[in-house]
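Let's take a friendly walk through a protein model, one piece at a time. Keep the sequence and the 3D view side by side as you read.

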Amino acid sequence: MDYSDTATRISLNVKAKGHEADPVKIAGKLRRLVEEFGVPPGEAERTVLNELAREFSLNGLGTPGGEEKGLNALLPGEWATVEAKVVSLTSSPSPAIAQSGILADSTGAVRFVVWAKANAPLLEDGKWYRFESAVVDEYRGSLNLKIHSGTVIRGISRDTVLIPAITPIADLTPGIGSVKAKVIQEWDVTHDRMHQSGLLADQSGTVKFVIWKEEGKERLVPGTVYSLYYAMVDEFSGRYSLNLNSATVVPEEGDIAVISGDTSFAGALVHIAPGSGLIKRCPVEGCNRVLSRQNYCPVHEIQPGFLYDLRIKGWLDDGKVTKDILIQREVAEQLVGMSMDQAKELAENNPLGTDEVFLRFRERILGRYLVCTGREIDSRMLVKSCEVLRFNPEEIAALLNRAGGSP
Amino acid sequence: MMASPAKGGFFRRDFEREPARRVFAGELRESRIHFREGDDEKSPTYVLLPTGERCNRVFLVGTLTEKKKQGDQNLFYRARVIDPSGTFFIMAGSYQPEAMQQIARIEPPAFVAVVGKPNVYETPDGAALVSVRCESVTAVDKDTRDRWVLDCAKATLDRIDSLGTTPDGQRAVQEYQTDPALFRKLVYEALSQLSL
């Protein structure tokens, strides 16, 4: 870690009071505190400043208050003083955190954390406060205001009505965002703590949403339009998702236009992955995992009462890029020309079992040109429709012209 | 020049699969340059095509005309696949059991779609031979073959049009002294056979 920025900031601070402090020495002290003693960098900065203040008998140097600014002007790594309204409180997963949630002012919104050690007064939802000397840091691209023991908190009275700006989904950035969007899909929850997940869309794009289990959290109704104020925008592997636990959810009347989100991709099917064909799924409600050959579910163990399913996992390749595709039952049945019942019969009456279905699938579609249309989720296309591309003799003439005629 | 992993990436999905290039036998046959990207034993190897594109994997469709089983302990198949411009030499050994079984089941002559990795070998007399180690070999119909010829013609013309504008393209011009007219002619002749 580089301490020179912090050290320079401290030495400038001291210099402003008419004393000299060597930034190199300061950086050394900071490093020692942070690396040897595990002090958080923000605290280390305070400690060093306090030490210098004592050395030069200065007052008012102790804590760098940071300038007072609007929430949209905060920068990671700095100290800041802000006046803002608590617009959301979220339950905190860790005992080290007393409170967490979202602060907003007329310029924007930011997440905040109050450390348990800060001994801060309990903040109330909907109230305005002045926070002096809080620290701004950054995690996965989103800013977070840390309220620590050095932060001075004072309730203030304001009657400004905050109207958060609605952001088009395509323009969301990590942090806090407000969108007006329609619930276009509801997905199976993939985690015990998850209450609901699905896909939101507006005219500009689509984004995944998650609501975690928490008292009083209601599910969104698919097909309904909502204004979602102060949702937490998280980034994971380059993809955004909206955590709605912090959000104020307002159902809206009427409908809005949304983009379909579907894309098409044409290419040759160059690989059919294991796990394609006739598969067995775990029958336990909400599980649906694929069972191994021995009907073993990684969570629910042996499940003789499995459910059959049909699918194709593979790679579609246009010579420039390769796309991971997942074709589900109905589309697969139509593409391969084999119904699930036929596949079951084939598997049950054949020594190779479900492998025979896999081999038939491979014979019928591997190496063929396909065009697939569907939605891309986590860089895999969930195929909604799929067709075999046929040879079109009309394309020859244009290519002959491109090749330049007979030399 | 390793591609840097995507931001925040630590999942397998950030691994980008090498696309299967479309190349006519007449062009693949002319390839001499093969190289490894990176120092690791598992780093991908590439064949540099004369029209200026690196290629780790190919997708080809043609007529399987001959196949030959070789070896005792380590069985492997060699086979010839013909396209309108020449012959591809393909092989599948015990490390490609699925492709080997597929070849075993197909009786020549038959149209086949092949996905595989090209390799350049030196023959004892100093000539170079390009052979494709198969990942899969599937019997297909004539329609798929004809569509591949169009696809391959388009891909080859795209490469010729951008020859010399990319680092690989510049390298190809330097190493092979590629004459674009020659490859345009190859494409033209391949397409002409379709219209017959």
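## Where two helices touch: α1 and α3 of chain A

In this predicted model, A:T6, A:R9, A:I10, A:N13 and A:V14 in α1(A) touch A:E45, A:V48, A:L49 and A:L52 in α3(A). Contact here means heavy atoms within 4.5 Å. By class, the residues of this contact are five nonpolar, two polar and two charged. The classes work like this: Ala, Val, Leu, Ile, Met, Phe, Trp, Tyr, Cys and Pro count as nonpolar, Asp, Glu, Lys and Arg as charged, and the others, Gly among them, as polar.

How do the two helices lie against each other? Helix α1 (residues 4-16) and helix α3 (residues 41-55), both of chain A, have axes that come within 11 Å and cross at roughly 30°. Axes are lines fitted to C-alpha atoms, for helices over the stretch in contact, and angles run from 0 to 180 degrees between N-to-C directions. The pair α1(A) and α3(A) is therefore roughly parallel. For the wording of angles, under 35 degrees counts as roughly parallel, over 145 as roughly antiparallel, 65 to 115 as roughly perpendicular, and the rest as oblique. The crossing of α1(A) past α3(A) is right-handed; a crossing is right-handed if the near helix is turned clockwise from the far one by less than a right angle, and left-handed if anticlockwise.

Helix α1(A) has another partner in helix α2 (residues 23-37) of chain A: their axes come within 8 Å and cross at roughly 125°. These two helices are therefore oblique to each other, and α1(A) passes α2(A) in a right-handed crossing. In α1(A), the residues A:T6, A:A7, A:I10 and A:S11 meet A:P23, A:I26, A:A27 and A:L30 in α2(A). This contact has six nonpolar, two polar and no charged residues. Notice that A:T6 and A:I10 take part in the contact with α2(A) and also in the contact with α3(A).

Which domains does chain A have? The assignment gives domain 1 (4-55), domain 2 (71-156), domain 3 (169-251) and domain 4 (262-388); such bounds come from an automatic or database domain assignment. The centres of domain 2 and domain 4 of chain A, taken over C-alpha atoms, are separated by 48 Å.

Now find A:N288, which has a positive phi of about 65° although it is not a glycine. A:N288 sits in the loop between β14 (277-281) and β15 (296-297) of chain A.

## A three-stranded sheet in chain B

In chain B, three strands form an open antiparallel sheet in the order β2-β3-β4.

Strands pair if DSSP finds at least two bridges between them, and β2(B) pairs with β3 (residues 45-49) of chain B over three bridges. B:F35 stands opposite B:Y46 in β3(B). Helix α4 (residues 167-176) of chain B lies across β2, β3 and β4 of chain B, at about 65° to β3(B). Helices (H or I, at least four residues) and strands (E, at least two) are DSSP runs, numbered from the N terminus.

## Around strand β8 of chain B

Strand β8(B) pairs in the antiparallel sense with strand β5 (residues 57-70) of chain B over seven bridges, and B:L60 has B:V114 in β8(B) as its bridge partner. Eleven bridges join β8(B) to the antiparallel strand β9 (residues 128-139) of chain B, where B:S131 is the bridge partner of B:N119. The hairpin of β8(B) and β9(B) has five residues between the strands, and B:G126 there takes a positive phi near 90°.

The peptide bond from B:P108 to B:P109 is cis, with omega near -5°. B:P109 is found in the loop between α2 (97-105) and β8 (110-122) of chain B.

## How to read the numbers

Residues are numbered from 1 along each chain as its sequence is written, while chains are lettered from A and ligands numbered from 1 in the order in which they are written. Because the model is predicted, local features need pLDDT of at least 70, side-chain atom pairs count only at pLDDT 80 or more, and totals for chains, interfaces and linings use all residues, while side-chain values use heavy atoms, with hydrogens and water left out.
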